[in-house]
Amino acid sequence: MSGRGWVFALLLLASVAGAAAEPVASVRVAFDRDGVTATRAEGMADIAAQRAITADDPVRVASISKLVVAIGVLRLVEAGTLDLDADVSDLLGWTLRHPQWPDVPITLRLLLSHRSGLTDGAGYWQVPLGEELAPLLDDPRAWDAQHPPGDFFRYANLNFPLVAAAMERATGERFDLLMDRLVLAPLDIAGCYNWDACDAATAARAVVLYDEARKPVRDDHGGAKPACNVIVAADGDCDLALWRAGANGATFSPQGGLRISANGLAKIGRLLLGDGEVDGVRLLAPGSVRMLLAPVWTSAPGNGVGHEEDTGDGQARAFFCRYGLATQTLATPLPQCGDDPFGDGIARVGHAGDAYGLKSGLWIDREAGTGVAYFATGVATTDPGARSAFSAIEEQLAAGED
(Lines give C-alpha, C1' and ligand atoms only; values in the text may rest on other atoms or scores of the structure.)
Protein backbone atom coordinates (compact mmCIF):
# COMPACT_ATOMS: atom_id res chain seq x y z
CA MET A 1 0.00 0.00 0.00
CA SER A 2 1.31 3.49 -0.86
CA GLY A 3 1.94 6.13 1.79
CA ARG A 4 -1.18 7.95 0.64
CA GLY A 5 -3.15 4.69 0.97
CA TRP A 6 -1.98 4.20 4.55
CA VAL A 7 -3.01 7.73 5.42
CA PHE A 8 -6.46 7.15 3.90
CA ALA A 9 -6.84 3.87 5.79
CA LEU A 10 -5.87 5.48 9.09
CA LEU A 11 -8.29 8.34 8.53
CA LEU A 12 -11.04 5.86 7.73
CA LEU A 13 -10.33 3.86 10.89
CA ALA A 14 -10.34 7.04 12.95
CA SER A 15 -13.64 8.05 11.41
CA VAL A 16 -15.23 4.68 12.18
CA ALA A 17 -13.88 4.73 15.74
CA GLY A 18 -15.21 8.24 16.27
CA ALA A 19 -18.62 7.27 14.89
CA ALA A 20 -18.76 4.21 17.10
CA ALA A 21 -18.28 6.42 20.15
CA GLU A 22 -21.65 8.06 19.49
CA PRO A 23 -24.93 6.26 20.28
CA VAL A 24 -26.79 4.70 17.38
CA ALA A 25 -29.90 6.52 18.60
CA SER A 26 -30.91 8.75 21.47
CA VAL A 27 -34.30 10.11 22.52
CA ARG A 28 -35.13 12.57 25.29
CA VAL A 29 -38.66 13.64 26.24
CA ALA A 30 -39.25 16.31 28.89
CA PHE A 31 -42.71 16.61 30.42
CA ASP A 32 -44.82 18.09 33.16
CA ARG A 33 -48.18 17.11 34.63
CA ASP A 34 -50.05 18.44 31.61
CA GLY A 35 -48.02 16.92 28.79
CA VAL A 36 -44.77 16.75 26.83
CA THR A 37 -42.80 20.00 26.91
CA ALA A 38 -39.78 19.15 24.71
CA THR A 39 -38.63 16.27 22.50
CA ARG A 40 -35.27 15.44 21.00
CA ALA A 41 -34.73 12.35 18.82
CA GLU A 42 -31.48 11.62 16.97
CA GLY A 43 -30.06 8.66 15.10
CA MET A 44 -31.44 5.42 13.70
CA ALA A 45 -34.04 3.06 15.10
CA ASP A 46 -32.89 0.47 12.53
CA ILE A 47 -29.61 0.91 10.68
CA ALA A 48 -30.30 -1.75 8.03
CA ALA A 49 -33.65 -0.19 7.14
CA GLN A 50 -32.26 3.35 7.46
CA ARG A 51 -35.25 4.17 9.68
CA ALA A 52 -34.81 7.29 11.76
CA ILE A 53 -35.70 7.15 15.46
CA THR A 54 -38.80 8.88 16.84
CA ALA A 55 -40.17 9.37 20.35
CA ASP A 56 -43.06 7.02 19.47
CA ASP A 57 -40.89 3.99 18.64
CA PRO A 58 -41.00 1.13 21.20
CA VAL A 59 -37.70 0.12 22.75
CA ARG A 60 -36.73 -2.51 25.31
CA VAL A 61 -36.26 -0.14 28.26
CA ALA A 62 -34.51 -2.67 30.55
CA SER A 63 -35.03 -2.18 34.28
CA ILE A 64 -37.55 0.66 34.02
CA SER A 65 -39.78 -2.36 33.35
CA LYS A 66 -39.63 -3.07 37.09
CA LEU A 67 -41.21 0.26 38.00
CA VAL A 68 -44.15 -0.44 35.67
CA VAL A 69 -44.54 -3.92 37.21
CA ALA A 70 -44.78 -2.26 40.63
CA ILE A 71 -47.63 -0.06 39.36
CA GLY A 72 -49.46 -3.24 38.30
CA VAL A 73 -48.80 -4.82 41.70
CA LEU A 74 -50.24 -1.82 43.53
CA ARG A 75 -53.36 -1.92 41.36
CA LEU A 76 -53.88 -5.50 42.55
CA VAL A 77 -53.16 -4.46 46.15
CA GLU A 78 -55.83 -1.76 45.89
CA ALA A 79 -58.25 -4.38 44.53
CA GLY A 80 -57.54 -6.65 47.50
CA THR A 81 -56.01 -9.32 45.25
CA LEU A 82 -52.46 -8.99 46.62
CA ASP A 83 -50.98 -8.17 50.01
CA LEU A 84 -47.52 -6.60 50.05
CA ASP A 85 -46.70 -8.05 53.47
CA ALA A 86 -48.07 -11.59 53.19
CA ASP A 87 -45.80 -14.60 52.79
CA VAL A 88 -45.46 -14.87 49.01
CA SER A 89 -45.15 -18.66 49.34
CA ASP A 90 -48.92 -18.82 49.80
CA LEU A 91 -49.37 -17.40 46.30
CA LEU A 92 -46.53 -19.23 44.58
CA GLY A 93 -47.82 -22.63 45.69
CA TRP A 94 -44.37 -23.61 46.98
CA THR A 95 -42.23 -22.44 49.88
CA LEU A 96 -39.86 -19.57 49.13
CA ARG A 97 -37.34 -19.37 51.95
CA HIS A 98 -33.71 -18.41 52.35
CA PRO A 99 -32.03 -21.76 53.13
CA GLN A 100 -30.07 -20.24 56.04
CA TRP A 101 -33.03 -18.32 57.49
CA PRO A 102 -36.01 -20.62 56.84
CA ASP A 103 -38.20 -18.95 59.46
CA VAL A 104 -38.16 -15.51 57.78
CA PRO A 105 -41.11 -15.01 55.39
CA ILE A 106 -40.37 -13.37 52.04
CA THR A 107 -42.99 -10.87 50.94
CA LEU A 108 -43.82 -8.87 47.83
CA ARG A 109 -42.56 -5.75 49.59
CA LEU A 110 -39.15 -7.38 50.09
CA LEU A 111 -39.04 -8.63 46.50
CA LEU A 112 -40.01 -5.25 45.02
CA SER A 113 -37.37 -3.44 47.09
CA HIS A 114 -34.51 -5.94 46.56
CA ARG A 115 -34.31 -6.86 50.24
CA SER A 116 -35.33 -10.51 49.84
CA GLY A 117 -31.88 -12.08 50.21
CA LEU A 118 -31.86 -13.19 46.55
CA THR A 119 -29.01 -12.72 44.09
CA ASP A 120 -28.61 -13.28 40.36
CA GLY A 121 -25.79 -15.76 40.91
CA ALA A 122 -27.83 -18.71 39.63
CA GLY A 123 -29.44 -16.73 36.79
CA TYR A 124 -33.00 -15.49 36.46
CA TRP A 125 -34.16 -15.52 32.84
CA GLN A 126 -33.09 -18.82 31.33
CA VAL A 127 -35.94 -21.19 32.33
CA PRO A 128 -37.49 -22.61 29.14
CA LEU A 129 -41.15 -22.26 28.23
CA GLY A 130 -43.29 -24.86 29.98
CA GLU A 131 -40.79 -25.50 32.78
CA GLU A 132 -40.76 -24.16 36.35
CA LEU A 133 -38.71 -21.43 37.99
CA ALA A 134 -38.79 -22.97 41.48
CA PRO A 135 -35.85 -25.40 41.03
CA LEU A 136 -33.58 -22.43 40.30
CA LEU A 137 -34.07 -21.37 43.92
CA ASP A 138 -32.49 -24.65 45.09
CA ASP A 139 -29.13 -23.43 43.79
CA PRO A 140 -27.16 -21.92 46.72
CA ARG A 141 -25.88 -19.21 44.39
CA ALA A 142 -29.41 -17.78 44.23
CA TRP A 143 -29.06 -16.59 47.83
CA ASP A 144 -26.93 -14.07 49.70
CA ALA A 145 -25.15 -16.30 52.20
CA GLN A 146 -24.23 -13.39 54.48
CA HIS A 147 -27.52 -11.55 54.99
CA PRO A 148 -31.07 -12.64 55.85
CA PRO A 149 -34.16 -11.22 54.13
CA GLY A 150 -35.14 -7.90 55.63
CA ASP A 151 -32.93 -4.84 55.70
CA PHE A 152 -29.96 -5.60 53.41
CA PHE A 153 -30.26 -4.21 49.84
CA ARG A 154 -28.88 -6.27 46.96
CA TYR A 155 -30.22 -5.51 43.51
CA ALA A 156 -31.31 -8.81 41.92
CA ASN A 157 -33.34 -9.27 38.76
CA LEU A 158 -34.58 -12.64 40.07
CA ASN A 159 -36.95 -10.84 42.42
CA PHE A 160 -39.21 -9.83 39.55
CA PRO A 161 -39.94 -13.20 37.93
CA LEU A 162 -41.14 -14.17 41.41
CA VAL A 163 -43.33 -11.06 41.58
CA ALA A 164 -44.74 -11.90 38.14
CA ALA A 165 -45.41 -15.50 39.21
CA ALA A 166 -47.33 -14.26 42.26
CA MET A 167 -49.38 -11.91 40.05
CA GLU A 168 -50.23 -14.78 37.69
CA ARG A 169 -51.22 -17.11 40.51
CA ALA A 170 -53.39 -14.45 42.15
CA THR A 171 -55.27 -13.62 38.94
CA GLY A 172 -54.95 -16.66 36.69
CA GLU A 173 -53.84 -14.30 33.91
CA ARG A 174 -50.71 -14.43 31.79
CA PHE A 175 -48.29 -11.77 32.99
CA ASP A 176 -47.95 -9.81 29.73
CA LEU A 177 -51.71 -9.71 29.20
CA LEU A 178 -52.26 -8.80 32.84
CA MET A 179 -49.86 -5.86 32.58
CA ASP A 180 -51.67 -4.71 29.47
CA ARG A 181 -55.00 -4.82 31.33
CA LEU A 182 -53.71 -3.17 34.49
CA VAL A 183 -51.43 -0.46 33.13
CA LEU A 184 -50.76 -0.16 29.40
CA ALA A 185 -54.28 -0.33 27.91
CA PRO A 186 -55.91 2.06 30.44
CA LEU A 187 -53.20 4.62 29.66
CA ASP A 188 -53.49 4.04 25.89
CA ILE A 189 -49.81 3.07 25.69
CA ALA A 190 -48.77 0.87 22.76
CA GLY A 191 -46.36 -1.44 24.54
CA CYS A 192 -45.85 -4.98 25.77
CA TYR A 193 -43.62 -7.25 27.84
CA ASN A 194 -41.75 -9.12 25.14
CA TRP A 195 -43.65 -8.91 21.87
CA ASP A 196 -46.64 -11.24 21.88
CA ALA A 197 -49.16 -8.73 23.29
CA CYS A 198 -48.11 -5.96 20.86
CA ASP A 199 -49.84 -5.60 17.50
CA ALA A 200 -47.97 -5.84 14.20
CA ALA A 201 -47.92 -2.07 13.66
CA THR A 202 -46.22 -1.48 17.02
CA ALA A 203 -43.70 -4.28 16.44
CA ALA A 204 -42.88 -2.85 13.01
CA ARG A 205 -41.54 0.28 14.74
CA ALA A 206 -39.24 -1.62 17.08
CA VAL A 207 -35.98 0.07 18.03
CA VAL A 208 -33.12 -2.34 17.33
CA LEU A 209 -30.61 -2.62 20.17
CA TYR A 210 -26.94 -2.59 19.16
CA ASP A 211 -23.71 -3.13 20.99
CA GLU A 212 -20.99 -0.49 20.82
CA ALA A 213 -19.66 -2.05 17.60
CA ARG A 214 -23.10 -1.49 16.03
CA LYS A 215 -23.90 -5.18 15.91
CA PRO A 216 -27.64 -5.92 16.45
CA VAL A 217 -28.23 -7.75 19.74
CA ARG A 218 -32.02 -7.46 20.32
CA ASP A 219 -35.21 -6.74 18.36
CA ASP A 220 -33.69 -6.89 14.89
CA HIS A 221 -36.94 -8.14 13.33
CA GLY A 222 -36.80 -6.48 9.94
CA GLY A 223 -40.09 -4.68 10.60
CA ALA A 224 -42.06 -7.84 11.35
CA LYS A 225 -43.41 -9.15 14.62
CA PRO A 226 -41.02 -11.86 15.87
CA ALA A 227 -42.24 -15.42 15.47
CA CYS A 228 -41.02 -16.32 18.96
CA ASN A 229 -40.21 -13.95 21.79
CA VAL A 230 -39.62 -16.23 24.79
CA ILE A 231 -37.05 -18.83 25.83
CA VAL A 232 -38.25 -21.83 23.85
CA ALA A 233 -39.13 -25.17 25.39
CA ALA A 234 -36.46 -27.84 25.63
CA ASP A 235 -37.69 -29.38 22.36
CA GLY A 236 -37.68 -26.03 20.57
CA ASP A 237 -41.43 -25.48 20.86
CA CYS A 238 -42.61 -21.87 21.16
CA ASP A 239 -46.32 -22.53 21.67
CA LEU A 240 -47.56 -20.20 24.42
CA ALA A 241 -50.26 -22.74 25.19
CA LEU A 242 -47.52 -24.31 27.32
CA TRP A 243 -47.83 -21.38 29.73
CA ARG A 244 -49.17 -22.21 33.21
CA ALA A 245 -50.03 -19.52 35.73
CA GLY A 246 -47.12 -18.90 38.09
CA ALA A 247 -44.91 -21.74 36.86
CA ASN A 248 -42.28 -19.50 35.30
CA GLY A 249 -42.64 -15.79 35.95
CA ALA A 250 -39.56 -15.06 33.83
CA THR A 251 -41.30 -15.99 30.56
CA PHE A 252 -42.25 -12.42 29.65
CA SER A 253 -39.21 -10.69 31.16
CA PRO A 254 -40.79 -8.62 33.95
CA GLN A 255 -37.31 -7.56 35.05
CA GLY A 256 -36.43 -5.82 31.79
CA GLY A 257 -38.55 -6.83 28.79
CA LEU A 258 -41.03 -3.95 28.50
CA ARG A 259 -41.17 -2.47 25.01
CA ILE A 260 -42.43 1.09 25.27
CA SER A 261 -41.71 4.40 23.59
CA ALA A 262 -40.17 7.44 25.22
CA ASN A 263 -43.56 9.13 24.93
CA GLY A 264 -45.10 6.12 26.66
CA LEU A 265 -42.55 6.43 29.47
CA ALA A 266 -43.40 10.11 29.74
CA LYS A 267 -47.04 9.18 30.32
CA ILE A 268 -45.97 6.82 33.13
CA GLY A 269 -44.01 9.71 34.60
CA ARG A 270 -46.99 12.06 34.30
CA LEU A 271 -49.14 9.43 36.05
CA LEU A 272 -46.77 9.56 39.01
CA LEU A 273 -46.62 13.36 38.95
CA GLY A 274 -50.43 13.35 38.98
CA ASP A 275 -50.61 11.18 42.12
CA GLY A 276 -52.02 8.25 40.14
CA GLU A 277 -54.07 10.14 37.55
CA VAL A 278 -53.16 11.25 34.03
CA ASP A 279 -55.30 12.71 31.24
CA GLY A 280 -58.47 12.02 33.20
CA VAL A 281 -57.61 8.37 33.91
CA ARG A 282 -57.26 7.41 37.59
CA LEU A 283 -55.03 4.33 37.87
CA LEU A 284 -53.79 4.48 41.47
CA ALA A 285 -54.83 6.21 44.67
CA PRO A 286 -52.49 9.00 45.81
CA GLY A 287 -51.49 6.95 48.86
CA SER A 288 -50.36 4.10 46.60
CA VAL A 289 -48.17 6.46 44.60
CA ARG A 290 -46.60 7.82 47.78
CA MET A 291 -45.89 4.26 48.94
CA LEU A 292 -44.43 3.35 45.53
CA LEU A 293 -42.02 6.27 45.50
CA ALA A 294 -40.96 6.50 49.14
CA PRO A 295 -37.53 5.00 49.91
CA VAL A 296 -37.67 1.93 52.14
CA TRP A 297 -33.88 1.54 52.11
CA THR A 298 -31.18 4.19 52.42
CA SER A 299 -27.49 3.42 52.08
CA ALA A 300 -25.49 3.14 55.29
CA PRO A 301 -22.25 1.29 56.06
CA GLY A 302 -22.83 -2.45 55.83
CA ASN A 303 -26.53 -2.39 54.87
CA GLY A 304 -26.38 -3.00 51.13
CA VAL A 305 -24.58 -3.24 47.81
CA GLY A 306 -24.61 0.06 45.95
CA HIS A 307 -24.53 -1.25 42.40
CA GLU A 308 -25.89 -4.04 40.23
CA GLU A 309 -23.30 -6.73 40.69
CA ASP A 310 -22.81 -7.64 37.01
CA THR A 311 -22.26 -4.00 35.96
CA GLY A 312 -20.90 -2.12 38.96
CA ASP A 313 -17.41 -3.48 39.47
CA GLY A 314 -14.87 -0.73 39.92
CA GLN A 315 -17.34 2.05 40.73
CA ALA A 316 -15.88 4.38 43.32
CA ARG A 317 -19.30 5.68 44.39
CA ALA A 318 -22.65 3.95 44.75
CA PHE A 319 -25.20 3.92 41.94
CA PHE A 320 -28.02 2.91 44.33
CA CYS A 321 -28.37 4.84 47.57
CA ARG A 322 -32.13 5.08 48.15
CA TYR A 323 -34.68 2.58 46.90
CA GLY A 324 -38.44 2.13 47.25
CA LEU A 325 -40.84 -0.32 45.59
CA ALA A 326 -39.00 -0.63 42.27
CA THR A 327 -38.16 3.08 42.42
CA GLN A 328 -34.81 4.77 42.88
CA THR A 329 -34.36 8.17 44.55
CA LEU A 330 -31.46 10.25 43.27
CA ALA A 331 -29.03 12.76 44.72
CA THR A 332 -28.59 11.13 48.12
CA PRO A 333 -26.51 13.54 50.24
CA LEU A 334 -24.01 10.98 51.48
CA PRO A 335 -20.28 10.83 50.63
CA GLN A 336 -20.46 7.26 49.32
CA CYS A 337 -23.21 8.12 46.82
CA GLY A 338 -22.81 8.92 43.13
CA ASP A 339 -26.51 8.89 42.28
CA ASP A 340 -26.97 12.36 40.78
CA PRO A 341 -26.57 12.25 36.97
CA PHE A 342 -28.35 15.64 36.73
CA GLY A 343 -25.72 17.26 38.95
CA ASP A 344 -28.14 19.61 40.69
CA GLY A 345 -28.82 17.88 44.01
CA ILE A 346 -32.57 17.43 43.36
CA ALA A 347 -34.05 14.23 44.80
CA ARG A 348 -35.76 12.97 41.66
CA VAL A 349 -37.40 9.55 41.73
CA GLY A 350 -37.80 6.91 39.01
CA HIS A 351 -35.62 4.14 37.63
CA ALA A 352 -32.63 3.56 35.36
CA GLY A 353 -32.18 0.85 32.73
CA ASP A 354 -29.04 -0.80 31.35
CA ALA A 355 -28.91 -3.81 28.99
CA TYR A 356 -27.79 -4.86 25.51
CA GLY A 357 -26.04 -1.56 24.72
CA LEU A 358 -28.97 0.54 25.95
CA LYS A 359 -29.05 3.11 28.73
CA SER A 360 -32.41 4.49 29.81
CA GLY A 361 -34.00 6.57 32.53
CA LEU A 362 -37.34 7.85 33.75
CA TRP A 363 -37.08 10.54 36.44
CA ILE A 364 -39.59 12.92 37.99
CA ASP A 365 -39.19 15.95 40.24
CA ARG A 366 -42.44 15.82 42.22
CA GLU A 367 -41.92 19.22 43.82
CA ALA A 368 -41.41 21.00 40.50
CA GLY A 369 -43.96 18.85 38.68
CA THR A 370 -41.54 18.01 35.86
CA GLY A 371 -39.78 14.95 34.52
CA VAL A 372 -37.69 13.41 31.76
CA ALA A 373 -37.65 10.08 29.93
CA TYR A 374 -34.67 9.11 27.81
CA PHE A 375 -32.76 6.26 26.21
CA ALA A 376 -29.72 5.71 24.03
CA THR A 377 -28.71 2.63 22.03
CA GLY A 378 -25.32 1.34 20.90
CA VAL A 379 -23.68 2.77 24.01
CA ALA A 380 -20.13 1.93 25.05
CA THR A 381 -20.02 0.24 28.45
CA THR A 382 -16.69 1.85 29.36
CA ASP A 383 -17.68 5.52 29.10
CA PRO A 384 -18.09 6.72 32.71
CA GLY A 385 -19.76 9.94 33.71
CA ALA A 386 -17.88 12.92 35.05
CA ARG A 387 -20.07 13.73 38.06
CA SER A 388 -21.77 10.48 39.12
CA ALA A 389 -21.75 6.69 38.99
CA PHE A 390 -23.95 6.93 35.89
CA SER A 391 -22.46 6.83 32.38
CA ALA A 392 -21.53 9.89 30.36
CA ILE A 393 -24.48 9.49 27.98
CA GLU A 394 -26.89 9.21 30.92
CA GLU A 395 -25.52 12.42 32.40
CA GLN A 396 -25.91 14.16 29.05
CA LEU A 397 -29.46 12.95 28.48
CA ALA A 398 -30.55 13.57 32.07
CA ALA A 399 -29.43 17.18 32.06
CA GLY A 400 -30.32 17.84 28.41
CA GLU A 401 -26.72 18.54 27.44
CA ASP A 402 -25.47 18.37 23.85
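A disulfide joins Cys321 to Cys337, with an S to S distance of 2.1 Å, in what is a predicted model. The pair links distant parts of the chain, since Cys321 sits in the loop between strand S11 (297-298) and strand S12 (322-323) while Cys337 sits in the loop between strand S13 (328-329) and strand S14 (349-355), 16 residues apart. The torsion about the S-S bond of Cys321 and Cys337 comes to about -105 degrees, so this disulfide is left-handed. Both Cys321 and Cys337 are buried.

A search of the whole structure finds 3 disulfides, and when the bonded cysteines of the chain are numbered in sequence order, they pair as 1-2, 3-4, 5-6. The table sets out the S-S geometry for each pair.

| Pair | S to S distance | Torsion about the S-S bond | Handedness |
|---|---|---|---|
| Cys192 and Cys198 | 2.1 Å | about -105 degrees | left-handed |
| Cys228 and Cys238 | 1.9 Å | 85 degrees | right-handed |
| Cys321 and Cys337 | 2.1 Å | about -105 degrees | left-handed |

The link of Cys228 and Cys238 is right-handed, with 85 degrees about the S-S bond. Both of these cysteines lie in the loop between strand S7 (216-218) and strand S8 (258-260), so the pair ties together parts of the chain that are 10 residues apart in sequence. Cys228 is partly exposed, its relative accessible area being 30%, and Cys238 is likewise partly exposed, at 24%. For the remaining pair, both Cys192 and Cys198 are buried.

Asp57 belongs to the loop between strand S3 (51-52) and strand S4 (59-60), and it counts as buried because its relative accessibility is 2%, which falls under the 20% cut-off. When residues up to four places away in sequence are not counted, Asp57 touches Ala45, Arg51, Ala52, Arg205, Val207, Ile260, Ser261 and Ala262.

Leu209 lies in strand S6 (residues 209-210) and is buried, with a relative accessible area of 0%. Its surroundings, leaving aside neighbours within four places in sequence, consist of contacts with Val59, Arg60, Lys215, Pro216, Val217, Arg218, Ala355, Tyr356, Leu358 and Thr377. Leu209 and Thr171, by contrast, are 38 residues apart in sequence and 33 Å apart in space, taken from C-alpha to C-alpha.

Thr171 itself takes part in a helix pairing, that of helix H2 (residues 64-78) with helix H5 (residues 159-171), which pack at an angle of about 30 degrees with their axes 11 Å apart. That angle makes H2 roughly parallel to H5, because angles under 35 degrees are counted in this way. The crossing of H2 and H5 is left-handed. From H2, the residues Lys66, Val69, Gly72, Val73 and Leu76 meet Phe160, Val163, Met167 and Thr171 of H5.

Notes
Residues numbered from 1 in each chain as written. Predicted model: local features only at pLDDT ≥ 70, side-chain atom pairs only at ≥ 80, totals over all residues. Heavy atoms only, no water. Helix = DSSP H or I, 4+ residues; strand = E, 2+ residues; numbered from the N terminus. Buried < 20%, exposed > 50% of the residue type's maximum accessible area, 1.4 Å probe, protein only. Contact = heavy atoms within 4.5 Å. Disulfide = S-S within 2.5 Å. Axes fitted to C-alpha atoms, helices over the stretch in contact; angles between N-to-C directions. Parallel < 35°, antiparallel > 145°, perpendicular 65-115°, else oblique. Left-handed = near helix turned anticlockwise from the far one by under 90°.
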